[in-house]
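Biologist: I have just opened this one and have not looked at it before. Can you walk me through it?

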Amino acid sequence: MMSTDKIDYEELVDGALRTVVREALKQVAKRDSAPQAHLYISFNTFADGVELSQLLREQFPGEMTIVLQNQFWNLQIAEDHFCVTLNFNKIPSDLIIPFSALTGFVDKHT
């Protein structure tokens with residue numbers, strides 16, 4: 001008897017893409033300086049686990065895109081999220097972004 005359950009290919013692809021982003025960020029984090037990094041990362045600002053200032057959440061309701069190029073600090077990658085410090089209007093802000101919150105990823109060097 002055949003099962004009626006279907007394979008959720010969309011979830012499999014999403015999981016694979018999150019793995020690609022995680023591994024790319026690990027490579028960037030290993031470098032003393034990342035001159036070749038030029039990453040655009042979009043994410044849902046209200047997704048579970050996203051941590052950013054209330055000001056940024058108000059400024060970017062729904063979705064935000066960050067750029068990791070020249071000026072980012074403290075990039076740390078965990079299995080399910082990454083942390084990074086970026087400047088917004090010359091004010092350092094710590095962001096914690098779960099990979100499940102990602103909505104887009106582009107490496108301008110590819």
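Biologist: What do the buried residues of helix 1 pack against?

Modeller: They pack against strand 1 (39-44), strand 2 (63-68), strand 3 (73-77), strand 4 and strand 6 (102-107). Contact means heavy atoms within 4.5 Å. Helices (H or I, at least four residues) and strands (E, at least two) are DSSP runs, numbered from the N terminus.

Biologist: Before we go on, what sort of model is this?

Modeller: This is a predicted model, where local features need pLDDT of at least 70 and side-chain atom pairs count only at pLDDT 80 or more, while totals for chains, interfaces and linings use all residues. Residues are numbered from 1 along each chain as its sequence is written, and side-chain values use heavy atoms, with hydrogens and water left out.

Biologist: Back to helix 1. Which residues are buried there?

Modeller: Val 21, Arg 22, Leu 25 and Val 28 are buried in helix 1. They lie on the same side of helix 1, because they cover an arc of only 120 degrees around the axis. That arc is taken from the directions from the helix axis to the C-beta atoms. Buried means under 20% relative accessible area, exposed over 50%, and partly exposed in between (1.4 Å probe, protein chains only).

Biologist: Which exposed residues are on the face turned away from that side?

Modeller: Tyr 9, Leu 12 and Lys 30 are the exposed residues carried by that face of helix 1.

Biologist: How many salt bridges are there?

Modeller: The count comes to three. A salt bridge is a side-chain nitrogen of Lys or Arg within 4 Å of a carboxyl oxygen of Asp or Glu. Glu 11 meets Arg 18 at 3.0 Å, N to O, and Glu 23 meets Lys 26 with the closest N and O atoms 3.3 Å apart. Glu 79 and Arg 22 form another, at 3.6 Å, N to O. Glu 79 lies in the loop between strand 3 and strand 4 and Arg 22 in helix 1, so this pair ties together parts that are 57 residues apart in sequence.

Biologist: Are Glu 79 and Arg 22 buried or exposed?

Modeller: Glu 79 is exposed, with a relative accessible area of 58%, whereas Arg 22 is buried at 9%.

Biologist: And how are Glu 23 and Lys 26 placed in helix 1?

Modeller: Glu 23 and Lys 26 are three residues apart, so about one helical turn separates them. Glu 23 is partly exposed at 35% relative accessibility, and Lys 26 is partly exposed at 32%.

Biologist: How many aromatic pairs turn up in the whole structure?

Modeller: One. The rings of Phe 82 and Phe 99 have centres 5.7 Å apart and planes at 35 degrees, so the pair is tilted. Rings of Phe, Tyr and Trp (its six-membered ring) pair if their centres lie within 6.5 Å; planes under 30 degrees apart count as stacked, over 60 as edge-to-face and the rest as tilted.

Biologist: Are Phe 82 and Phe 99 buried or exposed?

Modeller: Phe 82 is buried at 0% relative accessible area, and Phe 99 is buried at 3% relative accessibility.
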